[in-house]
Amino acid sequence: MHSVEQNNPLLIRSPCVRNCCLDQHDICLGCGRSIKEITSWTQQSEQQKLQTLAIAEQRLQKLANNLV
C-alpha cells in the first residue's frame, strides 16, 4: 500500500533516513529533528513541515561543522 505522500508530490515527505539515534538533547542524528518534531510530523501543516525541515537542516549543518 502506498502512502498519501508517495501519491501526491505536493505533500512534503518525512526527512527520516532510517538512521535514528538521539543525542543528549533528543535530536535525531540522522534527520536533525527533535523527538517532538518527529512524533508530531503527521499532524504538522505543510508550512510547519517546511519550518521543521529548515531547522533540522541547520542542526545537521552545525553538527557537521563541529565534527571538522
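**Backbone, cysteines and a pocket**

A: Let's start with Asp 26, which counts as partly exposed because its relative accessibility is 39% (buried is under 20% relative accessible area, exposed over 50%, partly exposed in between; 1.4 Å probe, protein chains only). This is a predicted model, where local features need pLDDT of at least 70, side-chain atom pairs count only at pLDDT 80 or more, and totals for chains, interfaces and linings use all residues. Residues are numbered from 1 along each chain as its sequence is written, and side-chain values use heavy atoms, with hydrogens and water left out.

Q: What is the phi of Asp 26 near?
A: Most residues other than glycine have a negative phi. Here, Asp 26 has a positive phi, near 60°. Arg 18 also has a positive phi near 60°, and Arg 18 is exposed, since its relative accessibility is 72%.

Q: How many disulfides does the structure hold?
A: A disulfide is a pair of cysteine sulfur atoms within 2.5 Å. The structure has zero. For Cys 20, the closest cysteine sulfur is in Cys 16, 4.3 Å away, so it is too far for a bond. Cys 21 is in no disulfide either, with the nearest cysteine sulfur, in Cys 28, 7.5 Å away.

Q: Which classes of residue make up the lining of the largest pocket?
A: Rolling a probe the size of a water molecule over the atoms shows where empty space is left. The lining has five nonpolar, four polar and three charged residues (Ala, Val, Leu, Ile, Met, Phe, Trp, Tyr, Cys and Pro count as nonpolar, Asp, Glu, Lys and Arg as charged, the others, Gly among them, as polar).
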